[in-house]
Amino acid sequence: MIIRVRSRDGIERVSIDNPNITVGQLKTLIESQLLVPASKQTLSINQNLLLVKTPNEIAQFADMSNPHTPISSLNIRHGSMIFLAYDGSREVAGPKRILNPAGSFGKKMTMDDLIAKQMRITRQEKPYCELVSFDRDAANAFQHYVNETLAFAVKRGGFMYGTVSEVGKVEIDFIYEPPQVGTEERLVLMRDSDEEKLVDAIAMGLGMRRVGFIFTQTVGQNKKDYTMSNVEIAQAVELHAESGLKEWVTALVKLKVNEEGEADVHFEAFQVSDMCVRLFKEGWFDLEGGKDGEVDPKVSRMKKDVVVGGKDVREVDNDFFLVVVKIFDHQGPLSTTFPIENRATPVAMRALKSHLDRTMSLPFVKRISDFHLLLALCRILDINSDIPTLTQCVRTQSAVPEGYQILIQSMANAA
């Protein structure tokens, strides 16, 4: 069987004859095939191993530290990905090349051949986004819906809004869920340009902007061994390229079995690499080739050969396009208690009365400090005059003019 080994050098493959070997025996095979001394190897099934730098941090990854542990007990099987950190340096072997007896003369190369020879896909080690921090209420509202209502049976997605600091820290303060249709394998966004203009206007008034995309993987996908499928990579890079934001974040939410055998909701964050964006913009992705399932979802098919690790290939491992981003959380300036748009149950204006009644003890500006409520108000109030006034109050947490308080309260009472 084949195990994929990801290190700072990229993704390599190790051939294993016996699936029941131990961690120690696996290290020996890595030493013989990849030329990394077993004594210098640290292995883990946790991708965060590649983010740490110091020996003390590396030592915390102990899941594969016992050389007598069978790799089968770690759920490592054919096609699995493990992560390798090591001291020192090495020369990564390239493929053997057979020279044409005629030499380079006499062999005609087309312009496409020359471009393909120059299109070398290399791994991007560092993200532009230093870290991404999720507002706890916004993240919880999203995961609670897909977990409790959708049961992770179909995919769900949304656009993340917030701020980007000068040092590349991205803070997510609300998630807008556009109209969409989700199945077990695909997520189709039925984007409404008019509604998105309202969302962007609210965000601008709050001093925020669109900074990323979040989506879920279904329980059916959890049985498959990939970080993102080729369909997900294609969608992620399209939205990243559309944004024009180098710190753009792609987040995924899925169920993950913990040590007690129970399923926990798990968040992961990535950036697609500059190379991935370039390949998409220049039309290298074969977006039609994988529609009928003939392409392994772990890889993305190119229209022409590209060079990966010194080899000419047509299919590229999806992990090659992903750069891991660290995740934090925070309590942002907005609440997320108002019903969320474009879900199974439409948001009616009577929800405004229920919300205002429930928050009666709070200052009025706190009662309307909810993106989803502001979006509902956008459908009635003027986007050019009323909404900027309200978002400015929310942004500065200043008193809402009495006229607007009366107007909003009357709208709620009339529902």
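Tutor: Start with a term. A nonpolar patch is made of residues with over 30% relative accessible area and no salt bridge, with nonpolar side chains joined within 5 Å. Keep in mind that this is a predicted model.

Student: Which residues make the nonpolar surface patch of about 250 Å²?
Tutor: Take one member to begin with. Val181 is in strand 9, residues 180–182. The patch is made by Val181, Val188 and Met190.

Student: Is Val181 buried, partly exposed or exposed?
Tutor: Buried means under 20% relative accessible area, and exposed means over 50%. Val181 has 45% relative accessibility, so Val181 counts as partly exposed.

Student: How confident is the predictor on average, by pLDDT?
Tutor: Look at the share of residues first. Of the residues, 92% score at least 70. The protein averages a pLDDT of 89.

Student: What percentage of the residues is buried?
Tutor: The cut-off is under 20% relative accessible area. The protein has 415 residues. Buried residues make up 47%.

Student: What share of the contacts with a separation of 6 or more comes from residues 24 or more positions apart?
Tutor: Contact means heavy atoms within 4.5 Å. Residues 24 or more positions apart account for 68%.

Student: How many residues of strand 4 are buried?
Tutor: Side chains in a regular strand alternate between the two faces of the sheet. In strand 4, Met81, Phe83 and Ala85 point one way, while Ile82, Leu84 and Tyr86 point the other way. Both sets are buried. Of the six residues in strand 4, the buried count is six.

Student: Which residue of strand 4 is the bridge partner of Arg6?
Tutor: Strand 1, residues 2–7, pairs with strand 4 in the parallel sense over three bridges. Strand 3, residues 41–44, runs antiparallel to strand 4 and is joined to it by four bridges. Ser44 has its bridge partner in strand 4 at Phe83. For Arg6 the bridge partner in strand 4 is Phe83.

Student: Which residue of strand 2 is the bridge partner of Arg4?
Tutor: Strand 1 and strand 2, residues 10–15, pair in the antiparallel sense over six bridges. They form a hairpin with two residues between them. The partner of Arg4 is Arg13.

Student: How many residues apart in sequence are the parts that Lys326 and Glu130 tie together?
Tutor: Their side chains meet in a salt bridge, 3.9 Å from N to O. Lys326 lies in the loop between strand 16 and strand 17, and Glu130 in the loop between strand 5 and strand 6, so the pair ties together parts that are apart in sequence by 196 residues.

Student: What are the relative accessibilities of Lys326 and Glu130?
Tutor: Partly exposed covers the range between the buried and exposed cut-offs, 20% and 50%. Both residues are classed that way: Lys326 at 39%, and Glu130 at 37%.

Student: Which residues join Arg191 in one salt-bridge network?
Tutor: Side chains of opposite charge can pair when their charged atoms come close. Glu196 and Arg191 meet in a salt bridge at 2.9 Å, N to O. Glu196 is buried at 8%, whereas Arg191 is partly exposed at 32%. Through shared partners, Arg191 is in one network with Glu196, Asp200, Arg210 and Glu242.

Student: Which residues does Gln235 touch, not counting those up to four places away in sequence?
Tutor: Gln235 is in helix 6, residues 230–243. With a relative accessible area of 17%, Gln235 is buried. Gln235 touches Leu187, Leu189 and Phe213.

How values were computed. Residues are numbered from 1 along each chain as its sequence is written. This is a predicted model: local features need pLDDT of at least 70, side-chain atom pairs count only at pLDDT 80 or more; totals for chains, interfaces and linings use all residues. Side-chain values use heavy atoms; hydrogens and water are left out. Patches are made of residues with over 30% relative accessible area and no salt bridge: like charges are joined within 9 Å, nonpolar side chains (Val, Leu, Ile, Met, Phe, Trp, Tyr) within 5 Å. Accessible areas come from the Shrake-Rupley method with a 1.4 Å probe; for residues, only the protein chains shown count as cover. A salt bridge is a side-chain nitrogen of Lys or Arg within 4 Å of a carboxyl oxygen of Asp or Glu. Buried means under 20% relative accessible area, exposed over 50%, partly exposed in between (1.4 Å probe, protein chains only). pLDDT is the predictor's confidence in each residue, from 0 to 100. Two strands pair if DSSP finds at least two bridges between them.
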